[in-house]
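Here is a quick tour for someone meeting this structure for the first time. Take a look, and then we'll walk through it piece by piece.

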Amino acid sequence: MTKPLFALDATEMLTGYATGMFTPTEVMRALNAHIARWEPTLGALYLWRPEQAEAQAAASTARWQQGQPMGVLDGVPVTVKELIATANDPVPLGTAAVELSPAPADAPCAARLREAGAIIFAKTTIPDYGMLSSGLSSFHTLARNPWNLATNPGGSSAGASAAAAACYGPIHVGTDIGGSVRLPAAWCGTVGFKPTLGRIPIDPYYTGRCAGPMTRGMADAALAMGPLTLPDSRDATALPYEAIAWSAAPLSPAGLRVGVMLDAGCGLGADAEIAAAIENAATLFARAGATIVAAPPVLTRDILDGIDLFWRAKFWDEVSRLPEKRRARILPYILEWVSAGAHVTGVEAARGFGGTFTLRQACAALFDTVDVVLSPTTPNLSFPADWASPTNDPSLPFEHCAFTLPWNMSEQPALTLNCGFSRAGTPIGLQIVTRRFADLQAIRLGRWFEQEYGRVPHWPGESPQPPPLA
C-alpha cells in the first residue's frame, strides 16, 4: 500500500521536497483534508488553522523551488502541546478555570521549530492542568485513541499521541514530568522520548519536567532533536548545548548489560500480556549479544505516596488562589484530588519532595550494575475514553506511573516505542532507559530495536476507524 502524502514521515517529506516529487502545499492540503475527516471524532487538536497552515506551506514551497529551504524542517507539519506557549495564542492549560489571554512569545520548543521552517498547524489537547494520564478535559473536546475510539489515548500529552497515531503530521512535541510523553505514546503505539533533564530547553521549567518528540518512527524523533535542543536562556536548568549527531546509525546492544524490570515496586502490576511483550523484546536484545539480568524496582510505596502529597500541596497553592467560581470549573476528579492538598502539612510536603532524592539515589545505584533498563512503559492496557485515569480514582492517581516517574526524578533519558499488541489489538510500549546524558545511546538503541522488531504501520484510511494492522 502506498502511503498518502499526509502519512509520510518527516524524512520522506523532506526527500520529496528536495527532489520536487511533491511540495509542502500538496502535503498540507492533503493533511488538512485528512484532519477534517477525523477530528470531529478524535478530538486531538486545539487552534487548528488550515488556512494559515496552507499559507505557510506556500511560502515553504517557494523556498524549496528556489533551492533555499530555511531549516532542517522546512515545510514539515508539526504540532506542539497546548501548554507550550505560541505567540499571541491563549494557553488554557486544558481547564475551563483559566482566564484566556494571549501568550507574549513562543516558548523555546515552538520558537526552535519555527526557526527550522516547520509549520505549526495546530496545538494538541491536554487534560486539566496537564495533571492526568487521560484525554479528559473541562476545556477541550474529549480526545480518543485512534486504535479504538472507545479507549483513552492517555496523557497528559493526550492530543499529541492521538495526532501522531492518526497521521496528523509526522512530529509532535509533548511534555513529561512523570510519564506524560511516554505513557500516551505507548497506549497509541508511537514513539515518545523524554531526554535528560535540560537537554531540550523548556519554559516554564521544574523538577523533572522535560519536553520531547512524539513520532511514528525513530528517524523522525532523531530529526526533531536537532532543532529542539538548540539553546534558550529562558531555561535556567538547561544543559550546555552539544551538537549531537542525532541521526546516527542504529546501535546494537551487543556487550551491554541490560536490566529487565517487570516489577515497578508499587502501583499497578504489569498486565500479563504486557510482561510477555517486554520479555519477548528482551529476547531480541539477548540474541544480539546483550547480557540480560533482572532489574530490581527503584520505587517504593512510601516514595510514590510522598510525591503524591507534595504535588497535591504544590498544586493546591495555585488552585486555592482562584476565585471560587473559577475553581468550580475544574474537572471534578482533579478538584477532588488537589483539595486534599489543603490538609498536607509543611513537614509532609517537604518529606514527600525529599523522596525524589531517595528515588534518584536508587536509580543511580541500579545503573552501577547495568548499562540499560528495559521495562513496560505502562503497566496496564488502554482504558475507557471517558475515564480520568487508568484507575479512575482520585485517591489512587499515580498507580500507572511507577515505571515512568523514576526517570524524571533521576533526570535520565527514557524512550518508549511499540513492542506488540494485546489480544484486543491495543498497543504495548517498551521503555528503554539509559544513563544520564546518554540520550544518543537511547535514540540509537531505539532505532536498532525498531529495525529488528519492525514498525507499526500508521495510515488510517478515509473514515475514523482504527488504522489497519499489517
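Let's start inside: the lining of the second largest cavity splits into eight nonpolar, no polar and two charged residues. Here Ala, Val, Leu, Ile, Met, Phe, Trp, Tyr, Cys and Pro count as nonpolar, Asp, Glu, Lys and Arg as charged, and the others, Gly among them, as polar. Among the residues lining this second largest cavity are Leu-83, Cys-109, Asp-203 and Arg-209.

A word on the source: this is a predicted model, where local features need pLDDT of at least 70 and side-chain atom pairs count only at pLDDT 80 or more, while totals for chains, interfaces and linings use all residues. Residues are numbered from 1 along each chain as its sequence is written, and side-chain values use heavy atoms, with hydrogens and water left out.

Back to the holes. A cavity is a set of points, on a 1 Å grid over the protein atoms alone, where a 1.4 Å probe fits but cannot get out, and its lining residues have an atom within 4 Å of a point. Grid points are joined across faces, edges and corners, and the volume is the space filled by probe spheres set on the points. That gives three cavities of 30 Å³ or more. Two of them compare like this:

| Cavity | Volume | Lining by class |
|---|---|---|
| Largest | about 80 Å³ | three nonpolar, four polar, three charged residues |

Pro-204 sits in the loop between β5 (191-194) and β6. Strands (E, at least two residues) and helices (H or I, at least four) are DSSP runs, numbered from the N terminus. Another cis bond runs from Gly-155 to Ser-156, with omega near 10 degrees. Most peptide bonds, by contrast, are trans.

What order do the strands of the open sheet take? It goes β1-β3-β2-β4-β6-β5-β10-β11-β9-β7-β8, eleven strands with mixed pairing. Strands pair if DSSP finds at least two bridges between them. β1 (45-46) and β8 (291-294) are the edges, each pairing on one side only. Further in, β7 (residues 257-260) and β9 (residues 372-376) pair in the parallel sense over three bridges, and Val-260 stands opposite Leu-374 in β9.

Finally, Leu-47 has a positive phi near 55 degrees without being a glycine. Its place is the loop between β1 and α3 (50-65).

How values were computed. On a 1 Å grid over the protein atoms alone, a cavity is a set of points where a 1.4 Å probe fits but cannot get out, and a pocket is an open set with protein on both sides within 12 Å along at least five of seven lines; lining residues have an atom within 4 Å of a point.
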